[in-house]
Amino acid sequence: MSLLAQLNVRSASGTRPQKAALSDDLFEQLRSFIYDQTGIYFQDNKRYLLESRVGRRMQALNLPDYGAYLRYLNQPAGRAELPKLYDEITINETYFFRNTDQFSVLEQTLIPELAEERMKGPRRQVRIWSAACSTGDEPYTLALIIRERLQPRFPGIRFEIVGTDINTQVLDVARAGIYSAYAVRNVPPATLQRYFRQEGDRYHLDPEIRRMVTFKHLNLMDRSGMALMRHFDIILCANVLIYFDTASKQQVVSSLYASLNPGGFLMLGFSETLYGISQAFQPVRFEKTIAYKRGTSHA
Ligand SMILES: C[S@@+](CC[C@H](N)C(=O)[O-])C[C@H]1O[C@@H](n2cnc3c(N)ncnc32)[C@H](O)[C@@H]1O
C-alpha cells in the first residue's frame, strides 16, 4: 500500500502534492511533538523556519500537507522518519576553537589538575564528553590541545573523548573530518599546518587526531540513552540548551550531573548559565568563563 493510502490521504492521481500552508493548530501540534521528542522549543517567531524545514520532509515523502506528515510521524513506520526530521530542524553552527576562554581554562587548569590527581592513583584516564558536538569541531579542538600540549606532559594518562549529537548528518561530517576554511579560521596557523591537509578549499584533519574522538548518536532528552553515559570527568554542553525551555534544560542538566564523576565539571556555552536550572553544581569562576563542579550529592 502506498504511503498516501496508508495515511488515508486523497490526491489527484499521479500529481505531486502542492506545498500546503501550516495552520495554527498544526503548528501547535508539530511544535509540541518536536518538543516532546527533543526538548527543542520553536518560539512563535521561528514558525516560518519550522514550516519550511518540515515542508522539505513533507515533499520528500510526497505528502500533501502537514497533517498527513504528523499522522505519519505518529505511526510505527514513522519511527524511521524521526532522525530525518531531526536532521532538518537542528541548528548546527560550530567551528574550531570557538570559545577560546573556555579552552584556555581546560588546557591550563582543569585537565592538568585532573591528570595530576590521576597520576597518583590506579585509574590513569581522563574522560571528556562533548554533548551536542555538531560536526565535531569542539571535541576535535580538545583533541588537538591534548595532543599538542597535554599528552606530552602526562604520557601515562589515557585521554578519552566522546562526541554525541542528535543529528546523524553532522556526525557523518565529524567522522569524515573534512572542513571548510570557515570552520578552521580560528585554528592557530602552526596547528593548521601540522594537523590539516588542504585539498582545494577543504581541510582534512589528520587521522591521528580523528582516532582520538569517538562519535555516537544520542538525543539529550532520551533518558535511557543518557543513562548509558557514565563516569565522565568533563562535559561540554555548549550552545544547545538555548533551544530548550526550562523544563527540558532541567531534565538534561540532571542527566549530565549523573554522567559526571564526583568532582567533575560541566561547561556550557558563552551565553548560557545554570541560574534557575540547577543548584546541584558549585560554580567555579575563572576570569572569563565558569565551570560547574559536581559535588557528591544527587541533583
Ligand atoms: C549550535 S550546535 C553547537 C555545537 C557545539 N557544541 C558548539 O558549541 O560549537 C547545537 C547542536 O545541538 C544538537 N542538538 C539539538 N538538540 C539536541 C538533542 N535533543 N540532543 C542532542 N543534540 C541536540 C544539534 O543537532 C546541533 O548540532
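Colleague: In what order do the seven strands of the open sheet run?
Modeller: This is a predicted model. The pairing in the sheet is mixed. Its seven strands form an open sheet in the order β6-β2-β1-β7-β8-β10-β9.

Colleague: Which are the edge strands?
Modeller: An edge strand here pairs on one side only. That holds for β6 (213-217) and β9 (281-285).

Colleague: By what angle are neighbouring strands of this sheet turned against each other on average?
Modeller: Direction is ignored for this average. The value is 25°.

Colleague: Do β1 and β2 pair in the parallel or antiparallel sense, and which residue of β2 is the bridge partner of A131?
Modeller: β1 covers residues 125-131 and β2 covers residues 158-165. They pair over seven bridges, in the parallel sense. In β2, the bridge partner of A131 is T164.

Colleague: Which helix lies across β1, β7, β8 and β10, and at what angle to β1?
Modeller: The helix is α6, residues 100-119. Among the strands under it are β7 (232-237) and β8 (260-268). Helix α6 runs to β1 at about 145°.

Colleague: Which strands does helix α8 touch?
Modeller: Helix α8 (residues 168-176) packs on the sheet. Its direction makes about 165° with that of β6. The strands touched are β2 and β6.

Colleague: Where does the largest nonpolar core lie relative to domain 1 and domain 2?
Modeller: The core has 80 residues; I235, C237, L256 and L266 have the most contacts inside it. Domain 1 (3-89) and domain 2 (100-294) both give residues to this core, so it lies between them.

Colleague: Leaving aside neighbours within four places in sequence, which residues is L256 in contact with?
Modeller: L256 is one of the residues with the most contacts inside the core. Beyond those sequence neighbours, L256 is in contact with A131, I235, C237 and L266.

Methods:
Residues are numbered from 1 along each chain as its sequence is written. This is a predicted model: local features need pLDDT of at least 70, side-chain atom pairs count only at pLDDT 80 or more; totals for chains, interfaces and linings use all residues. A nonpolar core is a set of buried Ala, Val, Leu, Ile, Met, Phe, Trp, Tyr and Cys residues joined through C-beta atoms within 7 Å. A residue is buried if 20 or more other C-beta atoms lie within 10 Å of its own, exposed if 12 or fewer, and partly exposed in between; C-beta atoms are placed from the backbone. Domain bounds come from an automatic or database domain assignment. Two residues are in contact if their C-beta atoms, placed from the backbone, lie within 7 Å. Two strands pair if DSSP finds at least two bridges between them. Helices (H or I, at least four residues) and strands (E, at least two) are DSSP runs, numbered from the N terminus. Axes are lines fitted to C-alpha atoms, for helices over the stretch in contact, and angles run from 0 to 180 degrees between N-to-C directions.
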